[in-house]
Amino acid sequence: MEHGPSGGSTAMRRRSGVRGGTRMEWLEHDILCIIFSFLDVFDLVRCTAVCKSWNAVIRKSELLQVLYFKLRRDSGESTSSGQRKSMEFGLQEVAMKYHRLCLQRGRIDIHQWKAHSVGVDQCRMKMGLLLTGVGDKVMRLWSLDSYKCEEEYYIPDTAFLVDFDFDESKIVGLLGSRVGIWTRNGKRSIFPSREGTFSKGLCVRYIDPDAVIGCEDGTARVFDMYSRTCSRIIKMHAGPVTCLALSDDELILSGSSLGSVSISDLASDQRVARLRPTDSAGIRTLCFNPCSHLVFAGTTVGYTYCWDLRTMKSLWETRISSNVLYSLSHLRSDNSTLAVGGIDGVLRVLNQNTGEVLSRCFIDDERPISSTRNMHAFIEKKKGIRLPEDAEVDRIPRTCRPPITCLSVGMKKVVTAHNSKYIRMWKFKISFVIWVDLPSR
């Protein structure tokens, strides 16, 4: 029998997996491959983002490649060596198509939970986390998988929270005429502006290291989060700045209550363009798609507008409601759908390229509610209903369509705030097999 230096059996150590853990690694790899083989391509793509080891197992086993090209064959598309090289792009395309069809045609399950003790009207979703607040003295960061409140950030008694934004390391809050910073471990740092340079703030957006404040006097104040100073003051409008969006290439987009959208360059401190809607209603909400360079705006009288930032030309306009639109948003990588909500409480899904209303949804609040309690929260479950094209919104009871004060879009889901104690997550689902056979509109 073969022996090692210590006198033990080398063969025995190999069988027990002691030698470098080789057999254990093989075992783990094989088990994961078996488990992953039961998943569809969309869930498999999500698994690649969990950790490096899962990513390596999936890619080395070529599970993604097999599923992706099977999906293309099932859809009647041919595959070639050139297409194999573009699999990464193709998988993203698959995920976005799935997301679009779920929002447009999928079954709607609504999960709601009590997030605050009083009504809150703002929410932001990033990196699988949801930040809620504005209405009481605390912001809460939630896990969307477990509904667990991961962290809390308290507002000083002397301040009132107006708006907020966040990234992976910090929370930035607008507190009237001050800026507050909370690191993700909960430590608060509030600093006042320079004397006479910060009028009442109405909105804030943050891309490290700059926080941009939209002010009542029509200016945008740019604060450096590290030097804690106001580095720039840019005149955007003659009236109040009501909403903001920031681009990756340092452009500030702002909407005004006077009814225009201004675009300025962070580097030059100069306004570079102005986009004008055809009506004179105030701009209430704004977002920018960095993938398509499209700018979307919602007004106080129910219009949505779209401009191409490359040409500064209007692409479409449509009136989707007779009331104010409070919020619109889209998934960052999605060039097809836009979610819009407002005072009438109907969640609408629009085609980004044409403005066509693809779907109108509301809450089925008349049927019995099923409830579940996990270790973190008490979850009430309801169904969402799609409104027929010829149906009138005013005929739907107000209890089924509370005003949507803010919304945020994630993969196959939309989170909404309603100036109430509850936050709602709309989950859109469609059978993967059915989805493969569905033609896109």
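Which residues does Leu407 touch, not counting residues up to four places away in sequence? Let me start there, because contact here means heavy atoms within 4.5 Å. Leu407 touches Cys123, Ser327, Leu328, Ser329, Ala339, Val340, Gly341, Leu347, Val414, Val415 and Thr416.

Quick housekeeping. This is a predicted model, where local features need pLDDT of at least 70 and side-chain atom pairs count only at pLDDT 80 or more, while totals for chains, interfaces and linings use all residues. Residues are numbered from 1 along each chain as its sequence is written, and side-chain values use heavy atoms, with hydrogens and water left out.

Okay, the core. A nonpolar core is a set of buried Ala, Val, Leu, Ile, Met, Phe, Trp, Tyr and Cys residues joined through side-chain atoms within 4.5 Å. Buried means under 20% relative accessible area, exposed is over 50%, and partly exposed is in between, with a 1.4 Å probe and protein chains only. The largest such core has 21 residues, and those with the most contacts inside it are Leu347, Leu407, Val414, Trp426 and Phe428. Elements giving two or more residues to this core are α7 (87–105), β1 (107–114), β24 (347–351), β25 (357–364), β28 (406–410) and β30 (422–429). Of these, α7 gives the most, with 5 residues. On naming: helices (H or I, at least four residues) and strands (E, at least two) are DSSP runs, numbered from the N terminus. The core also draws at least three residues from each of domain 1 (29–72 + 87–103) and domain 2 (108–429); those bounds come from an automatic or database domain assignment.

Now β24. Side chains in a regular strand alternate between the two faces of the sheet. In β24 both faces are covered: Leu347, Val349 and Asn351 are buried on one side, Arg348 and Leu350 on the other.

What about its partners? Two strands pair if DSSP finds at least two bridges between them. Strand β23 (residues 337–342) runs antiparallel to β24, joined by 4 bridges, and Val340 has Arg348 as its bridge partner. That hairpin has 4 residues between the strands, and Gly345 takes a positive phi near 80°. On to β25, which is also antiparallel to β24, with 4 bridges. Here Arg348 is partnered with Arg360. The β24 and β25 hairpin has 5 residues between the strands, with Gly355 in the turn at a positive phi of about 85°.

Next, another sheet. This one is open, with 4 strands in the order β18-β19-β20-β21 and antiparallel pairing. β18 (283–289) and β21 are at the edges with a single partner strand each, so one side of each has no neighbour in the sheet. Neighbouring strands are turned by 15° against each other on average, direction ignored; the axes are lines fitted to C-alpha atoms, for helices over the stretch in contact, and angles run from 0 to 180 degrees between N-to-C directions.

Leu315 is in β21 (residues 313–319) and is partly exposed, at 42% relative accessible area. Beyond its neighbours within four places in sequence, Leu315 is in contact with Leu294, Cys306, Trp307 and Asp308.

Last, cysteines. With a disulfide taken as a pair of cysteine sulfur atoms within 2.5 Å, the count comes to 0 disulfides. Cys102 is buried at 0% relative accessibility, and Cys400 is buried at 3%.
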